[in-house]
Amino acid sequence: MRHPTRLIPLAVTLLACAFLLVPIVQSVLAGLTVNYFRGLSSGLTLKWVGEVWGLYASSILLSIWLALACLAVTLVLGVPAAYALARRPGRAARVLEEFISLPLAVPGLALALALLQLYGSYSGFRTSWAFILVGHVLYTLPFMVRSVLAVLAAIDLKTLEEGAATLGAGPARRFVDIVVPNALPGILAGALTVVTLSIGEFNLTWMLHTPYLKTLPVGLADSYASMRLEIASAYTLVFFVMIVPLLVAMQWASARAQRILS
Amino acid sequence: MTLSLSRVAKTFAGGTKALLPTDLTIAPGEILSLLGPSGCGKTTLLRIIAGLEQPDPGARVLFDGEEVTALPVERRRIGMVFQSYALFPNMSVRANIGYGLKMQGLARADIDARVDEVTALCQLQPYASRAVTALSGGQRQRVALARAIAPRPRVLLLDEPLSALDAALRGQLRDELALLLRSFGITAIFVTHDQDEAMAIADRVAVMRAGQVAQIGTPETLYRNPTSGFVARFVGGAMPLRGRVTGDHLHLPGGALRLRPGAAGQQVFVRAEDIRLDPEGPLAARVEAVTFLGTHYRLALSGAAPDLLTALHAGHSAPRPGEAVRLSIAPDALLSLPAEDHA
Amino acid sequence: MTLSLSRVAKTFAGGTKALLPTDLTIAPGEILSLLGPSGCGKTTLLRIIAGLEQPDPGARVLFDGEEVTALPVERRRIGMVFQSYALFPNMSVRANIGYGLKMQGLARADIDARVDEVTALCQLQPYASRAVTALSGGQRQRVALARAIAPRPRVLLLDEPLSALDAALRGQLRDELALLLRSFGITAIFVTHDQDEAMAIADRVAVMRAGQVAQIGTPETLYRNPTSGFVARFVGGAMPLRGRVTGDHLHLPGGALRLRPGAAGQQVFVRAEDIRLDPEGPLAARVEAVTFLGTHYRLALSGAAPDLLTALHAGHSAPRPGEAVRLSIAPDALLSLPAEDHA
Amino acid sequence: MSHRSFLLLCLVPLASFALAFLAIPLVRLVLASGEGAEGWAIYLTILRTPRYLATLGQTLLVSLAVTAAALAVSTTAGLFLARSRFAGRRVLLSILTLPLAFPGVVVGFMIILLGGRQGLVNQLLPGHWVFAYSVTGLFLGYLYFSIPRVLLTVMAAAEKIDPALEEAARTLGAPPWRVMVDVVLPALAPALIAAGAIAFATAMGAFGTAFTLATDIDVLPMVIYTEFTLSANIAMASALSVVLGLVTWALLLLARSLSGGTVAAGG
Amino acid sequence: EDAICYNCPPEWADWASMLDALDAQADIQMPHDNKNSGQTLSQLLAERASPVADVAYYGVTTGIKAGAEGVVEPYKPAGFDEIPDGLKDPEGRWFAVHYGTLGLFVNVDALGGAPVPQCFADLTKPEYRGMVGYLDPSSAFVGYAGAVAANMAFGGDLGNFDPAIAYFNDLAQNDPLVPKQTSYARVVSGEIPILFDYDFNAYRAKYEEDGNFEFVLPCEGSVRVPYVMSLVADAPHPEAGKRALDFILSDEGQAIWTNAYLQPARPVDLPAEVAEKFLPAADYERAVAVDYAEMERAQAAFGERYLNEVK
Ligand SMILES: Nc1ncnc2c1ncn2[C@@H]1O[C@H](COP(=O)(O)OP(=O)(O)OP(=O)(O)O)[C@@H](O)[C@H]1O
Ligand SMILES: Nc1ncnc2c1ncn2[C@@H]1O[C@H](COP(=O)(O)OP(=O)(O)OP(=O)(O)O)[C@@H](O)[C@H]1O
Ligand SMILES: NCCCCNCCCN
Ligand SMILES: [Mg+2]
Ligand SMILES: [Mg+2]
């Protein structure tokens with residue numbers, strides 16, 4: 001039964017895992033080692049993590065704040081819109097959905113350039129965190145809309161709403177009582193995706209940020225270029241500690257939403 | 001409540017005339033079934049009554065004389081049971097049943113009392129606090145019914161409430177539904193494409209075809225006195241006997257049958273239960289297939305008429321496939337109906 | 001081909017005993033139906049024959065005496081029709097039908113000839129070059145059948161081939177399938193949970209229950225001489241009459257019935273068609289519901305037995321709901337079967 | 001309020017945002033590309049400048065290579081993981097999807113750790129095993145963040161394949177490899193196109209990785225960045241952005257029409 | 001008080017200490033900012049209509065360009081007059097704050113046993129394959145300064161960059177690393193064993209990092225370059241910006257540079273313990289000043305040539 005060719009997929013899988021995992025382990029070790037090039041024998045330390053906190057705490061906090069703000073905005077913009085798109089699956093709705101998905105196809109750099117040119121001269125806006133927020137919302141909004149839309153498209157929303165209407169519920173009531181509760185798995189999956197992506201967003205942010213408003217990934221780029229490897233690694237470690245639980249939660253939530261779809 | 005429709009029609013955006021101008025009156029407490037093949041406009045008619053679809057201009061929908069044609073669905077005070085039940089998956093059984101009462105702004109205590117009452121009526125007490133997703137098909141159907149009647153609607157509308165169930169459950173719930181509907185005592189309209197269901201539940205049946213009501217009447221009337229070949233086929237599965245009529249005889253490939261007088265220019269139909277195996281019968285046929293059905297055998301017969309005929313044969317044994325048999329049909333069992341050009 | 005199974009059993013990884021040790025022999029050309037409620041092991045048995053599932057150790061599957069128990073499915077030369085049809089969506093109708101022939105390494109011309117032949121047999125010529133996604137349910141079923149028989153398998157296995165269809169189509173295709181299967185003339189095993197289907201198609205029916213074959217025989221045998229209450233209920237819908245047996249009488253809430261001798265310690269069943277309205281009858285009952293069925297009425301009766309009884313009443317009129325009636329049942333119509341503890 | 005107006009109201013916030021921060025800025029970007037000294041001829045300049053064309057070609061080439069490699073690796077691993085049940089399967093799956101939300105800069109750093117001068121490979125096999133700063137490094141970096149995306153799409157599709165299809169092929173005598181070729185891969189095709197499109201678009205636009213690796217291998221996003229930062233050549237940066245955006249978007253549209261509309265780009 | 005400086009990275013020229021001192025002694029809080037000179041200028045240009053930064057720091061040619069573009073405004077801080085002529089715009093649009101001398105910053109441990117290179121010419125030898133790094137001359141000022149130095153080393157001048165182009169092409173055969181951003185840490189970590197960089201960065205590594213680092217003034221000679229600062233035109237916090245510039249040119253400010261191995265723009269004497277850490281004065285004679293205005297004029301054309309011809 002165990003033909004050698006049956007081992008190829010296993011080998012490919014293990015190699016791919018090693019490719020992805022090894023540098024992660026290296027960076028975690030480097031961030032905790034006194035001197036990485038002398039190796040683990042130089043001892044383990046949290047010194048670098050402490051230095052990272054000293055240098056970059058504000059970036060980390062800014063990223064968390066931006067991610068939450070981004071979540072709030074994508075919820076307000078995305079959930080009602082996903083509902084409207086789900087209920088009016090006409091051509092115009094398709095075009096709008098396609099249009100807001102452009103940031104998935106158009107590189108972040110180009111979008112940032114576009115934003116800078118249009119709004120760069122409104123200095124109050126340009127220098128506020130809201131400017132970066134706009135970039136993050138642009139990039140994450142399609143994920144929220146699609147995630148909610150996928151769940152709404154999978155349930156028979158029209159009939160559920162008609163059911164509520166025959167029982168006396170008007171449009172707004174139905175949105176609150178029927179649409180939102182039933183879209184929750186999609187909203188949750190979308191929310192986790194938005195937060196995760198916002199915390200990791202670099203391409204737009206690098207162009208949009210000002211020195212006062214460095215986000216976590218901007219700080220990371222900074223540390224890779226100018227800090228010693230142990231600090232860069234420790235910072236990466238901090239990033240992993242933040243992002244990995246989010247990722248795990250995100251995948252759990254998407255799997256859950258997926259189950260509802262089937 | 002008396003429900004009356006006048007000149008209700010519906011043309012969809014694409015130009016489909018789903019419903020041609022229709023008049024209909026339903027007496028208080030009456031249970032009417034809309035029966036017909038797929039696409040004939042049953043759902044459209046029901047949805048217009050509910051207010052979920054706007055009829056073409058000129059239509060009038062009256063609830064006890066009050067015109068509701070322009071009233072949005074949420075203000076019509078109707079109850080509706082959907083084919084898929086459309087139970088709110090985010091609410092418990094109780095919350096589903098109480099939703100319409102909540103929308104009426106009733107006090108918490110009143111809602112609770114009424115929900116208890118309806119839950120009991122529909123025998124749902126053991127499941128009241130469950131999630132609706134944790135119910136069987138039959139239980140869901142009862143919840144849908146309970147939810148629709150809890151706010152005491154003026155009319156109850158049901159769109160194929162049994163068709164989501166599997167065959168075994170369908171038979172059982174059909175009878176349960178019939179009993180419940182009678183116990184509510186409210187006007188109800190019931191859409192189905194299954195004649196057994198229509199017969200079992202309704203006081204009167206409106207047989208629809210291509211956007212029109214072909215015939216309306218009690219089950220017995222439709223079965224015994226169909227006014228068209230379409231109704232004869234659809235109710236009771238009458239088979240056409242395509243042949244030449246001369247005087248009071250119908251000439252078929254397998255022989256000639258005697259007709260009741262006055263059948264000229266008409267089409268002749270017969271039902272499977274009216275075809276008898278009879279060694280002295282006037283028609284010759286060949287047995288193609290035999291199926292044992294317990295009380296009787298179903299025979300597929302060729303040669304007697306241009307099409308294959310089905311006959312039901314009671315008895316402890318049946319001829320074998322390939323055997324030649326003779327058939328007789330009593331003149332009274334032959335339905336002579338106005339000729340129609342299409343099936 | 002003669003198919004024989006000996007001590008075929010299946011325990012799934014989780015410990016589910018899907019099939020208890022089963023012996024079965026199927027004669028060449030015979031059409032056997034596996035009939036039983038959901039989860040009774042029908043599919044498991046079929047898949048073991050196909051080679052898609054490995055039976056527990058000790059089992060033997062013989063095709064014409066040749067042991068195939070360890071042979072992988074692709075080398076068993078069987079044909080299978082799946083419930084979902086499992087047509088290859090990336091291939092045309094012709095390519096689907098020819099796939100098994102291609103796997104046998106036949107020459108292009110031979111494949112074409114055989115595909116043409118099978119396509120004609122299954123009346124698929126008009127659709128031969130279509131995409132399988134552009135077919136109706138009935139057409140798909142015929143393609144699935146054509147694909148399975150094209151490589152001339154030694155046995156044809158069908159797992160609920162009709163259950164994906166809607167009710168109307170199911171009835172029509174049942175007869176079509178019965179005719180086709182006979183025309184192929186090959187050994188076939190047919191899984192279903194619908195007794196009408198089993199009766200209409202099979203030479204012999206194996207009624208299964210909880211991983212075992214409860215009874216095997218022709219449709220008539222199963223209907224007239226069920227060996228267990230389970231088979232009596234499942235085939236022909238016999239209803240239990242729960243009462244006290246003293247001597248040759250069965251005492252029920254509505255009165256006492258005379259039994260055939262030797263029924264003590266047994267459970268008594270009756271079928272709806274054997275209950276008669278009879279003013280002189282020994283049983284008193286109340287009519288709960290009446291449904292007009294064309295040739296007869298179906299009555300739901302309470303009071304006669306602990307459970308509601310259904311009776312079929314022929315005639316032009318029927319009692320109304322609420323009326324008191326009397327019933328009789330001929331002693332010969334009462335099935336006395338070994339007592340069983342669970343339903 | 002009628003249901004129709006309620007639905008329109010639901011769209012207002014999103015539509016306003018998209019107009020203000022997507023539509024108008026993109027129009028501005030296109031206009032800006034024509035505001036340089038050469039005007040709209042700037043697009044001709046791009047076509048006539050070998051360096052830009054070479055960069056565009058290079059970007060396309062790397063992206064296509066990454067797409068092909070990611071499809072090969074992730075399809076193999078995805079099918080394997082979707083079809084086998086063994087202890088540790090979930091762990092492997094988690095590892096393979098872990099980099100899903102790593103920013104490009106982190107991915108670049110991972111490649112430096114792996115293939116830099118001080119990287120693992122160079123330490124284990126000293127010699128010329130420094131690949132982080134070459135096309136190889138860039139390719140591996142892009143592969144690093146493409147594997148998880150493709151894998152998830154492939155696995156989702158693999159789980160939706162009706163097992164009866166494969167069983168049917170086997171009952172008809174097909175050996176396992178033929179089942180793969182005749183049934184499994186065709187069934188996966190739309191998902192593969194969709195996933196490939198996502199990998200491709202991501203690679204085309206990837207900036208952080210190239211930025212961190214700071215290689216001499218120019219890809220279009222890096223060129224846009226240097227045009228913008230070198231001499232504030234805003235017109236050229238805009239024009240190149242327009243070209244990059246159009247090429248990527250057009251290829252995504254093409255993939256979408258090929259796969260029957262299932263292309264939903266992932267993060 | 002807040003102010004923004006473009007391109008004041010903590011890991012370069014010891015801006016870290018300078019920013020700390022600004023905070024402690026002048027009560028001005030400036031965030032770290034990691035750009036390069038080219039990025040700083042384009043950012044100033046892009047934000048011309050509504051500037052974000054108050055002051056900017058860059059290589060001299062970039063300062064000249066910024067002055068010409070009008071994105072900075074004249075300001076003469078205290079001590080302006082002591083800056084030698086040629087190292088400041090007469091109006092004060094830009095003025096030097098310190099010098100650096102370009103050479104090779106070498107991580108000796110990372111050479112894998114190869115000898116420490118002594119000349120630009122050494123770097124094309126196979127033993128340094130994959131070890132040499134220089135910042136992108138078309139983007140970063142350090143990169144351009146390195147190109148000017150190498151150009152002069154092989155006989156070119158500001159009117160003829162052919163030798164530099166030829167040299168970079170030779171170097172290209174040796175797999176150089178061409179980052180766009182300050183790369184001090186990468187030399188320290190050994191990722192880039194040899195980097196075209198300033199003496200002050202190399203000394204800092206040599207005396208303050210764990211490891212074996214050298215500064216090499218190439219045998220062919222090199223250039224000294226001033227780093228300049230400007231007050232940004234229409235700065236959001238002009239007063240804070242001016243005070244920051246005053247402080248940087250003050251005695252305390254200039255002393256901070258010297259502690260970080262930089263040569264201050266004002267003639268301030270190096271403390272003896274600092275002076276002895278530098279290469280001998282004799283070596284420094286090989287490092288010459290150039291006409292920075294001329295150097296600025298040649299920059300764009302060279303950048304184009306580099307992009308198009310070096311591969
Ligand atoms: N929203 C719509 N737009 C366009 N045509 C429609 C729409 N709804 C229904 N139709 C068409 O109107 C006709 C009647 O449809 P209707 O749903 O009322 O039929 P039905 O009798 O309920 O059929 P079924 O038994 O299949 O439910 C059909 O031809 C149908 O295709
Ligand atoms: N792969 C499996 N793993 C574990 N248990 C299984 C598996 N397949 C079937 N079973 C169990 O084995 C029993 C018999 O299943 P089987 O599918 O043979 O029933 P069936 O008679 O075909 O039912 P149905 O009419 O619902 O198709 C059931 O209890 C089922 O849950
Ligand atoms: N669009 C370029 C993305 C580069 C890869 N970074 C991963 C981002 C996480 N969504
Ligand atoms: Mg309908
Ligand atoms: Mg089964």
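From the N terminus on, the elements of chain A run α-α-α-α-α-α-α-α-α-α-α-α. This is a predicted model, and chain A in it has 12 helices and 0 strands. Of the 6 pairs of chains in contact, chains A and D share the most contacts.

**Chain A**

- Taken along the principal axes, the box that the C-alpha atoms of chain A fill is roughly 75 × 70 × 30 Å.

**The interface of chain A and chain D**

- On the side of chain A, 81 residues are in contact with 79 residues of chain D.
- About 7,000 Å² of area is buried between chain A and chain D, and carbon and sulfur atoms give 81% of this area.
- Three residues, A:Phe19, A:Leu20 and A:Gln117, supply 10% of the area that chain A buries against chain D, which is more than any other three residues.
- Between chain A and chain D there are 0 salt bridges, whereas 8 residue pairs are in polar contact across this interface, both residues being at pLDDT 80 or more.
- Helix 1 of chain A (residues 7-32) gives the most to the side of chain A that touches chain D, with 15 residues.
- Sorted by class, that side of chain A consists of 64 nonpolar, 11 polar and 6 charged residues.

**The interface of chain C and chain B**

- Here 21 residues of chain C are in contact with 20 residues of chain B.
- Chain C and chain B bury about 1,800 Å² between them, with 57% of this area on carbon and sulfur atoms.
- C:Arg224, C:Phe292 and C:Arg298 together supply 30% of the area that chain C buries against chain B, more than any other three residues.
- The interface of chain C and chain B holds 0 salt bridges, but 6 residue pairs are in polar contact there, both residues being at pLDDT 80 or more.
- Several elements of chain C each supply at least two residues of the side that touches chain B: helix 5 (167-184), helix 6 (195-201), helix 7 (219-224), strand 17 (283-292) and strand 18 (296-302).
- By class, the side of chain C that touches chain B has 9 nonpolar, 5 polar and 7 charged residues.

**Chains that do not touch**

- Chain B and chain D do not touch, and their nearest C-alpha atoms are 9 Å apart.
- Chain C and chain E do not touch either, with their nearest C-alpha atoms 48 Å apart.

**Ligand 1 and chain B**

- Ligand 1 is surrounded by residues of chain B, namely B:Phe12, B:Thr16, B:Ala18, B:Pro37, B:Ser38, B:Gly39, B:Cys40, B:Gly41, B:Lys42, B:Thr43, B:Thr44 and B:Glu160.
- In the shell around ligand 1 there are 4 nonpolar, 6 polar and 2 charged residues.
- Helix 1 of chain B (residues 42-50) gives the most to this shell, with 3 residues.
- The backbone of B:Gly39 places an N or O atom 2.7 Å from an oxygen atom of ligand 1.
- Side chains also approach oxygen atoms of ligand 1: a polar side-chain atom of B:Lys42 lies at 2.8 Å, and an N or O atom in the side chain of B:Thr43 lies at 2.5 Å.
- On its own, ligand 1 has 630 Å² of accessible area, and the protein covers 61% of it.

**Ligand 2 and chain C**

- The residues around ligand 2 belong to chain C, and among them are C:Phe12, C:Pro37, C:Gly39, C:Cys40, C:Lys42, C:Thr43 and C:Glu160.
- By class, the shell around ligand 2 has 4 nonpolar, 6 polar and 2 charged residues, and helix 1 of chain C (residues 42-50) gives the most to this shell, with 3 residues.
- A backbone N or O atom of C:Gly39 lies 2.7 Å from an oxygen atom of ligand 2, and a polar backbone atom of C:Cys40 is 3.2 Å from an oxygen atom of ligand 2.
- In the side chain of C:Glu160, an N or O atom is 3.4 Å from an oxygen atom of ligand 2.
- Of the 630 Å² of accessible area that ligand 2 has on its own, the protein covers 60%.

Technical notes:
Residues are numbered from 1 along each chain as its sequence is written. Chains are lettered from A and ligands numbered from 1 in the order in which they are written. Side-chain values use heavy atoms; hydrogens and water are left out. A residue is near a molecule or strand if one of its heavy atoms lies within 4 Å of it. A polar contact is a pair of N or O atoms within 3.5 Å; within protein, one must be able to donate a hydrogen and the other to accept it, and residues adjacent in sequence count only if both atoms are side-chain atoms. Accessible areas come from the Shrake-Rupley method with a 1.4 Å probe; for residues, only the protein chains shown count as cover. Helices (H or I, at least four residues) and strands (E, at least two) are DSSP runs, numbered from the N terminus. Ala, Val, Leu, Ile, Met, Phe, Trp, Tyr, Cys and Pro count as nonpolar, Asp, Glu, Lys and Arg as charged, and the others, Gly among them, as polar. Contact means heavy atoms within 4.5 Å. Buried area is the accessible area (1.4 Å probe) that two parts lose on being put together, summed over both. A salt bridge is a side-chain nitrogen of Lys or Arg within 4 Å of a carboxyl oxygen of Asp or Glu.
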